[in-house]
Amino acid sequence: MADAAPPPARHAQIIVIGSGPAGYTAAIYAARAMRKPLLISGLQPGGQLTITTDVENYPGFADVIQGPWLMEQMKAQAKHVGVEQIEDTIVKADLSKRPFHLVGDGGHVYMADALIIATGAQAKWLGLPSEHKFQGFGVSACATCDGFFFRGKEVVVVGGGNTAVEEALYLTNFATKVTLVHRRDCLRAEKVLQHRLLNHPKIEVVWNSEIEEVRGSENPLGVTGVILKNLVTGEREERMIDGLFIAIGHKPQTDLFRGQIEMKESGYILVKAGTTQTNIPGVFAAGDVADETFRQAVTAAGFGCMAALEAEKFLEERAAEPHGTERAA
Ligand code: FAD
Ligand code: NAP
């Protein structure tokens, strides 16, 4: 018996990959420009905010809102303006010619006249089961987002790079004490930051140490301490703390596009300054995937808006050109 015919390729003027704040915002703008966008949601529908609890810095809400709820609202708004959301994950992309060619993990093929990459970035975690258990309940990877919840409390920051040192310094605005735990005996952060850190009265640095376990209460779920292990002596000690910030780097979700699109060494997509334009005409990158610096929901949404407006302009400029496949890069 012959194999079943593969499903027909879906074509759209604009395809958005990713359903975080950048992806939803891009799709909402594209739909309102009558471009009938497809939004492909990926393995984490709603993006990073679905793994947090309180969000207090997204404008428009006087009360504290929940990350998953905010993303449900964005999804509902996208549906309301006519965005078609597809539950699929792109596993292959060919950006060498237009329309751009994408393949989902079930083999479905998608073709886009303009493509918005909004695949985000993922914080790196230590990988401890206890860390996972308390994520959003005292364990965070974002001091800017969650520092405010630790007013008058004690926290630990893990890492030795610029991010860890900046987060430790930032957290002194709220916490009574900040302990930076680093696995080696020297930091890789810039000297000026190190100087500020080492001279700050609220900060203690614990060298050559790792977190072995996060301890916490069950009801309500919350962090109460960590077990630290000294990697030189093997000694263990328990520290009573209220919050744990993991600052050991982020990984942008760009493996799919490696070798096809210009990226920084760190894997973040390069865009022309002040735009979301990549080196490939018609391919735009929005949100954390192209933003090593800010990594906030509101900035991601802003970049999503820019990407849709730029994709719209790109399509308009090409409207008079003959249809068919053309080289992109
Ligand atoms: P993401 O939210 O990362 O979304 C990426 C999307 O791409 C996901 O839907 C994923 O499924 C999809 N995707 C990835 N690869 C593929 C693929 N191959 N095919 C299809 N889809 C794909 N920011 C704030 O402003 N305030 C906060 O309080 C706050 N709290 C946070 C708490 C935590 C624990 C974390 C981790 C982050 C927090 N942030 C906060 C940061 C914020 O979540 C991010 O800046 C924001 O989500 C980035 O949005 P984005 O759309 O660029 O990407
Ligand atoms: P990073 O420079 O890669 O540093 C990561 C830190 O986490 C390192 O100290 C590393 O330890 C530690 N680490 C990694 N995996 C670990 C694990 N499993 N357990 C314990 N510790 C672990 O990452 P980053 O600090 O996020 O910075 C990323 C990039 O952004 C860098 O280029 C940085 O300069 C830049 N940045 C710049 C600024 C600024 O200019 N103000 C601010 C923030 C970030 P080791 O040192 O032992 O490897």
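Which polar side-chain atom lies 2.8 Å from a nitrogen atom of ligand 1? The side-chain atom belongs to asparagine 57. The model is predicted, with local features needing pLDDT of at least 70, side-chain atom pairs counting only at pLDDT 80 or more, and totals for chains, interfaces and linings using all residues. Residues are numbered from 1 along each chain as its sequence is written, chains are lettered from A and ligands numbered from 1 in the order in which they are written, and side-chain values use heavy atoms, without hydrogens and water.

**View 1. Polar contacts of ligand 1 (N or O atom pairs within 3.5 Å).** Besides the asparagine 57 pair, a backbone N or O atom of glutamine 44 is 2.8 Å from a ligand oxygen atom. For alanine 22, a backbone N or O atom is 2.9 Å from an oxygen atom of ligand 1. On its own, ligand 1 has 1000 Å² of accessible area (Shrake-Rupley method, 1.4 Å probe), and the protein covers 95% of this.

**View 2. The shell around ligand 1 (residues with a heavy atom within 4 Å).** Among the 32 residues, Ser41, Gln44, Gln48, Asn57 and Ala297 come nearest. The shell holds 14 nonpolar, 15 polar and three charged residues, with Gly counted as polar. Helices α1 (21–32) and α7 (297–318) each supply at least two shell residues; helices are DSSP runs of H or I with at least four residues, and strands are E runs of at least two.

**View 3. An open antiparallel sheet of three strands, ordered β15-β16-β17.** β15 (209–218) and β17 (236–240) are the edges, each with a single partner strand, so one side of each lacks a neighbour in the sheet. β15 pairs with β16 (residues 221–230) over nine bridges, pairing requiring at least two DSSP bridges. Arginine 215 has glycine 225 of β16 as its bridge partner.

Note on methods:
A polar contact is a pair of N or O atoms within 3.5 Å; within protein, one must be able to donate a hydrogen and the other to accept it, and residues adjacent in sequence count only if both atoms are side-chain atoms.
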